[in-house]
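My notes follow in the order I looked things up.

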Amino acid sequence: MTAVNISKEMLDPSLLIPHEDVSKYRLFEIISCIKDTSSMYPIIVDKSTYLILDGHHRYYASLFLKIRKIPVLLVDYMDSRIKIEKWFREVKSPELAKKISLQLPNDGDVCINIYGANFCSTSIYSLFWKLHWLENKLMYLGIKVIKNTKNGIEPPSISKEYVISVANNGLRFPPKTTRHNYEFIIHYERVRLNEFI
């Protein structure tokens, strides 16, 4: 097996391209941590497109704090050892999830199964946003939704090319849509930020 080429650099965050939204609560936690420690963990970025693979909260925090250079680890996104895995949604009240999903319009042919009911939309992108809406509706009703790696509602598969296309069109998936898995070790160490020294 060939060695993985990972280069460490300090880049202007405005060069990076996000593909997911973030949790505002988590974002403010990260902002606070960066301010308190004057450091941050590197963001994993595709070396060809500057697409962010992991580290969206750190990216948005760096923009909020107006940090001029942030640590990144550049990898080859097309390397077959980088996989896009799924975040399943385990719902503590499956019947209610099914009932609510049946109330939404099924307006397309891209579908997933919500506890025995088809849940459809016109594209994978819009289906993820409908699924995000369903999660939020359930949580608003006090129903716990747990994202995990194997149980519950299975979202559609997404290709790397589709993720790049969505990002290049200026769109963002809901938080925790993609789960990048690396079949190699990436060493994370906090990096001091010169602007805070």
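**Entry 1: helix α3**

I started with helix α3 (residues 94-103) and found Ala97, Ile100 and Ser101 buried. Looking down the axis of α3, I saw that its buried residues fall within an arc of 100 degrees, so they line one face of the helix. The model is a predicted one. Next I checked the face of α3 turned away from the buried side, and there I found the exposed residues Glu95, Lys99, Leu102 and Gln103. I also looked up what covers the buried residues of α3; the cover includes β7 (88-91), β8 (110-114), β9 (117-121) and α4 (124-140).

**Entry 2: His19**

I located His19 in the loop between β1 (7-11) and α1 (24-37). Is His19 buried or exposed? His19 is buried, and its relative accessible area is 0%; the cut-off for buried is under 20%. I then listed residues that His19 touches, among them Leu51, Leu53, His56, Val163, Phe173 and His180. The side chain of His19 also reaches the backbone oxygen of Ile52, at 2.9 Å.

**Entry 3: the sheet**

I traced an open sheet of four strands, in the order β1-β5-β3-β4, with mixed pairing. I noted β1 and β4 (52-54) as the edge strands, since each pairs on one side only. From one strand to the next, the twist averages 40 degrees. Strands β3 (residues 43-46) and β5 (residues 70-75) run parallel and are joined by four bridges. For Ile44, I found the bridge partner in β5 to be Leu73. Last, I looked at helix α2 (residues 56-64), which lies across β3, β4 and β5 and runs at about 125 degrees to β4.

Terms used. Residues numbered from 1 in each chain as written. Predicted model: local features only at pLDDT ≥ 70, side-chain atom pairs only at ≥ 80, totals over all residues. Heavy atoms only, no water. Buried < 20%, exposed > 50% of the residue type's maximum accessible area, 1.4 Å probe, protein only. Helix = DSSP H or I, 4+ residues; strand = E, 2+ residues; numbered from the N terminus. Arc of directions from axis to C-beta. Contact = heavy atoms within 4.5 Å. Polar contact = N/O pair within 3.5 Å; in protein donor to acceptor, adjacent residues only side chain to side chain. Pairing = 2+ DSSP bridges. Axes fitted to C-alpha atoms, helices over the stretch in contact; angles between N-to-C directions. Lists of a residue's contacts leave out its neighbours within four places in sequence.
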